[in-house]
Structure formats: C-alpha cells, structure tokens
Amino acid sequence: MDMARYVAFHQQWIAGQQAGLRELAEAAANAAAGRATDAELRAVVERCMRGYQEYAASRRALARENGAAFVAPPWCTAFENSVLWLGGCRPSLAIRLLYSISGEGLEEDIEEFVRGRGRGLAEGMGLVGITATQLQQINDLHRCTLRDEGYLTERLASLQENIADRPLLPIVRERAAAAAAALAGQDRSAKRDDIPGRPVAAESSGGLAAEVDAAMESYSAGLARLLEEADELRMSTARALATEILTPRQAVEMLMAAKQLHLAVRDWSRRKEEGAQNARLPLAAAATTAPSGSKP
Amino acid sequence: MAEICCQEAKSPPATAATVATVSASAAAAAVASSVMDRRRRRLELKRFRLASDLEQSAAEYAGARKRPRIPRTVSGPCPDAASASENAERCPRFGFSSVCGRRREMEDAVSIRPGFLPGSGKSHFFGVFDGHGCSHVATTCQELMHEVVAEEHQKAGSGEEPVWKEVMERSFARLDERAANWAITRSSEEPACRCEQKMPSRCDHVGSTAVVAVVSPTQLVVGNAGDSRAVLSRAGVPVALSVDHKPDRPDELERIQAAGGRVIYWDGARVLGVLAMSRAIGDGYLKPFVTAEPEVTVTERSDADECLILASDGLWDVVTNEMACDVARACFRSNGPPEPAAAQAQASGEAKASEGVSKAESDRACSDAAMLLAKLALARGSSDNVSVVVVDLRRGS
C-alpha cells in the first residue's frame, strides 16, 4: 500500500522531470537564437530549482515513513540504484557535469581564437563559456561539496556498520540460540512425546519481532535523516551553481544536461532490464511492466 | 634606490599571493556541525572568496605594485633610468588557475610572491607544487619555499650574482628535510590531514613536485624536481625551461639503477613500481632513488620573451607546450574590450598595448589565459588537479 504511494510519487516526479526538460530545452533553443531575455531564462531556472526543492520536501516527509525504501528504491532499476548516493545523485556530480559540458565546443573555439579569429574572450569559450572568476568559484564550491559529501559518507558508513552491533546483533544471536534450543527441545520432545518448550519459544520470538521492528525502524530513520541532509547538500550545491555562480543561460544548459542524463540513464536501464525480464518470463512480462509502465 | 622600493614592496606582496593559501585552508579547516551551519558557512566562505580571491589578489597586487613607484618618482635618485628600471623591476603581471578538476582531492598548490627577496624588490617568485599521497608536502612548499629560497639567496649573497644552482639545490634539500620531519615538526593547530588519519606511520609516503621560477629583470631562474613544468614563450616559440623527471628518462633511469633501484612498468614507468616520477620533495621511503635535487636553468631574458607558464601535469598531460603558449599569446592579443583605443594599441605593438590597456585588464589577460588552459585540460579529459600560472614577460608590460 505504502509502496504503491511511493511508486506513484516517483512516477509523478519523473513526469515532472520530463516536462521540465522540455521547458529547459525550449529555453536553451530560444537563448541560442537570441530570443530569450535573462529575466525569462532566470524564471525558467527558478522554476526548475523550485521543482527540485518541492520534490525534496515531499520526499523528506515520505522518507520519514520508510528511509530504506528511498535510499535503495525498489522502483528504480538496479543500474539506477548503483549510481545513487543516499537516494539521489552525488552532490558533486553537478560540478563534474558542468566541467564536461563546458568542454563542449571549446576545442573549436580555442582553435579559432589562437588563430586570431572567432569569438573573443568576452563572449567566453565553448558552449558554456565559463570565466576565470567563475572557474575559481566553481572550484571552491566543488571543494566544499566534496568535503561535506565526505562527512555524510562517513556517517552513512557508521550507520551501516551499526547493523553488526546493538540492538540488532544481540537479537540475532538470541534468536539463533532460541531456535537452536527449540530444535533441541523438539528432538527431545519427539522422543518423549510431549512439547513443553514450544509455547515459550513462540512467545519470546513474538517479543523479539517487535524489538527487531523497532531496531530496523530506528536504522531506517537514521537513513531518512542522512537522506534529508544529502538532499540539502544536493540542493545547496545546485542552487549555488544555478543561481549564484552561473549566468541564467549557463544554468539552463547545466540543468538541461542534468535532466537529460538522469532520464536517459533511467530509460536505458529500464529498457535493458525489461528486455532481460521479457526474455526470462515471456508470459509474465506484461504483468511486471504494467504497473510502472502504464503511466507516462 | 633598490632598497627604497624594496622596503616598500616587501610586505604587501606576501598578502596578495597568500590569498590562495588562506581560502584553501579556511575551507579545509572548517568543520561542519549541523546542516544549517554548514550551509551558512558555505555561503560565507563563498562570499569571502567572491570578494577575496582573484579580484582581491589582483587589486592588492596592483596596489602593491603601485607603492614602489611613489618613492622613486618622488625621490628619484637616478632620474635618467627611472622609467626604464621602473618597468623592469616591478613584478610582471600574472594570473593563475588551480582547480580540483576530476580528482576528489586537491593536492596541487600554487605560490606567487612578488618582491620576495628582502632588500630587493626586483625578483619575484612563482611556484607550482603537485602533491601525491596527501597534500601536506605541497602545502608546506607553498608556505615556505619562497622564504627558504630568499634565505639561501641571502646566504649565498656574494654580490649581485649568487650561484642560483646552489641556492635552489639547498632550498629544495631543506624543504625535503622539512617534509621528512613533517610528522614531528608540524604544529598541533594544523588540521590533521588525510594521510595521517588513514595511515599514521606513512607520512614518508607523501611527496610533491616543485617547479619554481624566480623572475628578475634580467633572468629567469627555474628549479624543478618532478613532472610539473616551466615553459617560456619566446618569439612565438615554446622553450621548455625544465625537463620532466620521469623514471624512464634515460639519464634518470641510469641514476636510479646506479643507486640500486629499479623502474618497473606498472601503469607507466614507476620507481620501484610505485612512483611515476623520479624526483620529488618528500617520499622518504623511495630515497635515494627518488631525490629532491632540482635541475636548475638560468635563462637571460630577452625582448622577444612573451610569457612564462608553470603548470602541473594535469595540464601538460593533455596540452602541448606549443598549444599552451599559443593560448596565452592569444589571450594577450585579445586583451581588453574591443574598443578602438585598445584595438589601436594592440595593433601598434605589444609595448604600446600595455600602455593602452589598464593593469587590471592586463592581469585579466593572464588569469584568462590560465583559466582557458585549465578549461582546455578539463575538456581534454585531464583526470588530475590542474594548476596553471601565467606570467607576462613582455618588456614594458
């Protein structure tokens, strides 16, 4: 039930991403043709950022119900999950992405520039045209983001290692011991034809189940808190880039590339996974793809 | 006369160039407690940087440069030579770019110290240090190398022409010693670094390249250990002022083998299969095969000199000397807004171009060149930190 809600939420988000990509692509085309003002582009960037912000806010509420589901979402493909970092992209990915797209067209522009032709430095070089000051600011942001990413990674590591500690491990051990004892009792009772140990074991395992649930929930809540902070880091890095360091036009290019990458990875990996499933289970294929594939 | 301007020039330049150091260590030292704190801090850091980094260093530096002029024009002990020597002695314009790039650790460091020799404002220090294992050896070089070179220069002191080879050799040796004793000597206030956290006993597995240039009115002195590089653009032709210390360089290979070491090909040629360069500051565990002894070149400056580029292998791995010089010269050419006055000045020769263009813009040309080279390195897939320093050597610039 809950899971269906999460899946619907995710699908809605993906649909929003697709719409957002269309809007950004249109804005980028208009900007390239000189038909868009900075104010218009800024509004597009702001809408996009608000979309991320609202998504993070809604997801925060949902993740509090089930942190684990959002850190390792079963509605994403295995490939998508393999690139996830605390429920989303690595915050530093935005900067790597920017470095990559700022290289587009650069080689050609520099070639022309060195020959004394083409665009001057004032217009910037390459598709995105990062200036010297911007590069320095991006680098500083990069280092801050990497540092904060490191802090969160360390905390995730601690949380994950806690699984081998209290409260879960003692429960696991106790339960294993109880199961062994019950087995031994069963053996004995099989010989003696009565079962005195049985009700006791069942009762204590019922108590253990509650403890296990509590422990798992507390772990999941820890994940939700980390996810929340990871979202804030993702947001603050993206926002600093899109609204403080980059010009609106550069920001449109970056945000568009981010959505393209996200959606393409999703599409490719889904196609591949569905292909594999269809090959294995030709009859069940329709059933498995229907719930996620029915909505746009 | 030299004394007059140096006293004036001595203090401010240090602040100008340390800006890079300050912002980097401020970022490293900051420890986040809560998300809000962190965000606030990041914004603050950013604001600080926005205001500080390049603009401020350029501004402070411009201020520092102006200062030595005042006593000279006022007191003017040698009026005939005044304007010529003024041009010759003040620090050439420079720009730099140093980015983390595709690496997750920043181990490069850049140091720029105009007028770094006490008692003489004529010589200017530029250094690029590319650390490996951790950043602390590179950072130590960034903080200390110019002071050590200045001290050794003073010790050598025999008049106007100290033996630069020895000055550089002693300086590199002292920094190497410092790196070896780093774990003992470092102050407790310094933030613990990566290597220490992960491998307390392995501080001697850390090192750094060092390419250092001392630019005086008549000479370019370059000391180098490792695979960073200094390249001079002279009359449109790139001239390498240092030769990379790679383990498979024939003379280096011979030296390593003579010392009883081996070069093993493991993802490229490496000393003992570990380090992909044959000289470095630090790396105590690879001594004597890896040495800190620099190779030193002294080049007389000429009117045909255009610029000096120092950079880490993050640039040189993907950009040729020729391309780097072409880009820097193109930046000089297109310097300034495309207004008729500036265009005229450019068209009528380089000496005039600098008169027609304000200092701030000219500095912008150097930092644009450095930035463009860094961007080009990233665009060509450089997977390392990229640090580039561009010094404008044009006479009258």
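Colleague: At what angle do helix α5 and helix α7 of chain A pack?

Modeller: Helix α5 covers residues 93-102 and helix α7 covers residues 132-161 of chain A. Helices here are DSSP runs of H or I with at least four residues, and strands are E runs of at least two, numbered from the N terminus. Axes are lines fitted to C-alpha atoms, for helices over the stretch in contact, with angles from 0 to 180 degrees between N-to-C directions. The two axes lie 9 Å apart, and the angle is about 150°.

Colleague: Which pLDDT do side-chain atom pairs need in this predicted model?

Modeller: Residues are numbered from 1 along each chain as its sequence is written, while chains are lettered from A and ligands numbered from 1 in the order in which they are written. Side-chain values use heavy atoms, leaving out hydrogens and water; in this predicted model, totals for chains, interfaces and linings use all residues, local features need pLDDT of at least 70, and side-chain atom pairs count only at pLDDT 80 or more.

Colleague: Which residues of α7(A) make the contact?

Modeller: Contact means heavy atoms within 4.5 Å. From α5(A) come A:Ile95, A:Leu98 and A:Tyr99. From α7(A) come A:Leu135, A:Ile138, A:Asn139, A:Leu141, A:His142 and A:Thr145.

Colleague: A:Tyr52 sits elsewhere in chain A. Is A:Tyr52 buried or exposed?

Modeller: A:Tyr52 belongs to helix α2, residues 38-65 of chain A. Its contacts beyond four places in sequence include A:Trp13, A:Met235 and A:Leu255. Buried means under 20% relative accessible area, exposed over 50%, and partly exposed in between (1.4 Å probe, protein chains only). A:Tyr52 has a relative accessible area of 17%, so it is buried.

Colleague: How many Å apart in space are A:Tyr52 and A:Tyr99?

Modeller: A:Tyr99 is one of the contact residues of α5(A). Along the sequence, A:Tyr52 and A:Tyr99 are 47 residues apart. From C-alpha to C-alpha, the distance is 21 Å.

Colleague: What is the phi of A:Leu86?

Modeller: A:Leu86 lies in the loop between α4 (78-83) and α5 of chain A. It is buried, with a relative accessible area of 4%. Most residues other than glycine have a negative phi, and most peptide bonds are trans. For A:Leu86, phi is positive, near 50°.

Colleague: Which residue does a cis peptide bond join to A:Arg166?

Modeller: Look in the loop between α7 and α8 (168-192) of chain A, where the proline sits. Omega is about 0°, and the partner is A:Pro167.

Colleague: Now chain B. Which are the edge strands of the open sheet of five strands?

Modeller: The order is β1-β14-β13-β7-β8, with antiparallel pairing. Two strands pair if DSSP finds at least two bridges between them. From one strand to the next, the twist averages 20°. Pairing on one side only marks the edge strands, β1 (94-99) and β8 (237-240).

Colleague: Which residue of β8(B) stands opposite B:Arg234?

Modeller: Strand β7, residues 229-234 of chain B, runs antiparallel to β8(B), and four bridges join them. Opposite B:Arg234 stands B:Val237.

Colleague: How many residues of strand β6 of chain B are buried?

Modeller: Strand β6 covers residues 219-225 of chain B. B:Gln219, B:Val221, B:Gly223 and B:Ala225 point one way; B:Leu220, B:Val222 and B:Asn224 point the other way. The strand is largely enclosed by the rest of the structure, because the count of buried residues is seven of the seven.

Colleague: Which residue in β12(B) does B:Leu220 stand opposite?

Modeller: B:Leu220 is also the bridge partner of B:Val215. Strand β5 (residues 210-215) and β6(B) form antiparallel pairs over six bridges, in a hairpin with three residues between the strands. On β12(B), six bridges make an antiparallel pairing with β6(B). There, B:Leu220 stands opposite B:Thr299.
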